[in-house]
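Trainee: I'm new to this one. Could you walk me through a few strands and residues?
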Amino acid sequence: VKQLGLHNDIGLIDPSEGSTCKIGMTPSTCFLLLSLLLLSSSTRGVQDHEEGFISITISDKGLDFAKDILIDQAVDSITLSQLPEIEETVQVPLVGKANVVLSEITINDIQVNSSSVNTGETGITVVVSGATANLSLKWRYSVSSWLVPIGISDSGTATAEVNDLQVGLTVNLTNQEGTLKLLLLDSGCHVRDLSIKLHGGAAWLYQVLVDAFAGSIASGVEEAVSDQINEGISTLDVLLQSLPKTFPIDETAALNVSFVNNPELSDSAIELQINGLFIGRNEILSPQGYRRGSDVSVSGANASPKMITISLHENVFKSASLVYFTADTLKWTVDELPDQNLLNTAEWRFLIPQLYKQYPNDDMNLDVFVSSPPDIQVTNKDVGVQISIDIILNVLEAGEVVPVACISVDFSASCAAEIIGNNLAGWLKLNKFSTYLKWSKIGKLHLNLIQSVTSAVLKTVLIPYLNSQLVRGIPLPILNDFALDNARILYAPPWITVSSDVSFLGHYHHKHLPAYVS
């Protein structure tokens with residue numbers, strides 16, 4: 001940003017009245033334009049186009065929210081900072097040569113009256129206009145001349161007010177090996193108007209401050225703000241670079257949260273894509289063999305605008321089922337039922353005489369195995385789940401586990417999504433199931449026996465266990481110190497979309513609001 005020279009309108013004032021001397025400065029003709037050019041994101045060297053199965057869209061409302069937080073934090077960091085000491089030697093008519101020093105120049109307060117954020121193909125531009133700043137400082141001078149050979153000196157305080165402070169910056173986000181790189185493309189700060197008020201001092205000192213020091217004070221403010229911009233962007237870049245590429249879910253699975261492709265900037269939003277698939281804890285990150293399918297559309301005529309929209313493709317859930325199935329974790333041993341008598345051969349002596357004849361009054365348990373990766377599909381009203389399991393009936397005889405029969409079960413369930421904290425959780429409800437006898441060493445089993453065992457296992461063991469895991473949820477990609485607020489869930493097959501406002505927690509406790517399911 002090119003800085004034009006300062007032109008000062010100087011007015012001498014009566015110090016006895018404590019008046020203010022005002023300096024008018026011409027604005028930089030190219031600052032407000034901030035003509036910011038950046039390289040096309042397609043030249044950043046990203047490898048083959050990858051699919052993102054979690055999409056994050058930050059709307060203009062969300063960008064305004066983020067902009068306000070960043071501006072507040074920038075103001076806090078600049079407030080009470082001190083500018084370098086300024087010293088000038090000037091020739092004062094009828095007085096002589098004066099050495100004047102301004103010290104402890106402190107920015108006490110900054111008020112931002114207007115700010116805006118705009119996005120587009122050229123980047124993200126933030127402009128602050130009409131801001132004011134109040135400064136305090138100390139002054140001292142000494143004068144020596146042939147008229148006053150012994151010299152004179154004085155000291156005191158002053159205040160300065162910056163009016164119509166203009167600040168602007170443009171940044172861009174690029175994908176750098178799965179993390180986000182924040183680039184500062186251009187920035188500038190310009191003081192358009194500054195006034196100074198002295199407390200005490202000789203009348204000629206006002207003229208000296210106007211002529212020799214106003215420009216230096218304004219430049220000091222501009223430099224302090226520009227330095228803070230550079231430091232702030234660097235800090236944000238380090239934060240983005242430090243974001244993990246995987247998020248551990250438990251000892252078995254992790255979520256691949258590496259970014260894919262470059263962020264897409266439109267006139268009203270930023271869209272980020274995350275891989276979003278589950279992987280084994282020990283797997284090396286690599287592209288997954290899923291097809292993402294159709295893009296998501298989350299517009300709604302009656303929906304109020306939200307700050308952020310997070311969309312999860314059903315392949316996220318399918319990858320989770322595959323990881324847990326491959327890790328051989330979807331199996332359980334059942335040795336307790338609400339009707340505990342069902343786990344003793346004596347209960348079946350009339351229904352399965354051969355079982356009781358071979359194993360009289362022996363305890364039993366059940367081994368439950370998921371026989372194939374559960375099939376998960378997003379529907380218009382919930383998430384549909386199809387699961388196939390095998391239930392092996394075991395007799396516990398003389399310390400040995402003896403398998404005697406195997407029942408195969410295909411059942412369907414529906415899962416209603418909900419937001420718990422910053423997690424997408426759910427609650428599974430059994431819809432229907434069908435059973436058949438896979439094999440038996442104790443003769444043919446009656447249908448009512450198979451149905452009874454299956455119903456007990458599903459309703460009292462499997463579904464409650466799955467719900468205990470689902471309530472933990474999938475962590476949504478939200479930065480620390482931020483929380484979803486008043487979230488809504490929309491089913492748009494094959495996507496689940498969470499539209500939400502965001503609150504900044506800071507050091508305050510936040511009470512999560514329930515999600516409203518569309």
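Mentor: Happy to! I124 has a bridge partner in strand 8, and that partner is V171. Keep in mind that this is a predicted model, where local features need pLDDT of at least 70, side-chain atom pairs count only at pLDDT 80 or more, and totals for chains, interfaces and linings use all residues. Residues are numbered from 1 along each chain as its sequence is written, and side-chain values use heavy atoms, with hydrogens and water left out.

Trainee: Over how many bridges do strand 7 and strand 8 pair?
Mentor: Strands are DSSP runs of E with at least two residues, numbered from the N terminus, and two of them pair if DSSP finds at least two bridges between them. Strand 7 covers residues 123-144. Its pairing with strand 8 is antiparallel, and the number of bridges is 17.

Trainee: Which residue in the turn between strand 8 and strand 9 has a positive phi?
Mentor: Strand 9 spans residues 179-199 and pairs with strand 8 in the antiparallel sense over 19 bridges. The two form a hairpin with 2 residues between them. The positive phi, about 55 degrees, belongs to E177.

Trainee: Which residues does S155 contact, leaving aside neighbours within four places in sequence?
Mentor: S155 sits in strand 8, residues 152-176. Contact means heavy atoms within 4.5 Å. With those neighbours set aside, the contacts of S155 are W139 and R140.

Trainee: Is I407 buried or exposed?
Mentor: I407 belongs to strand 20, residues 400-420. Buried means under 20% relative accessible area and exposed over 50%, with partly exposed in between, using a 1.4 Å probe and protein chains only. Because its relative accessible area is 1%, I407 is buried.

Conventions:
Helices (H or I, at least four residues) and strands (E, at least two) are DSSP runs, numbered from the N terminus.
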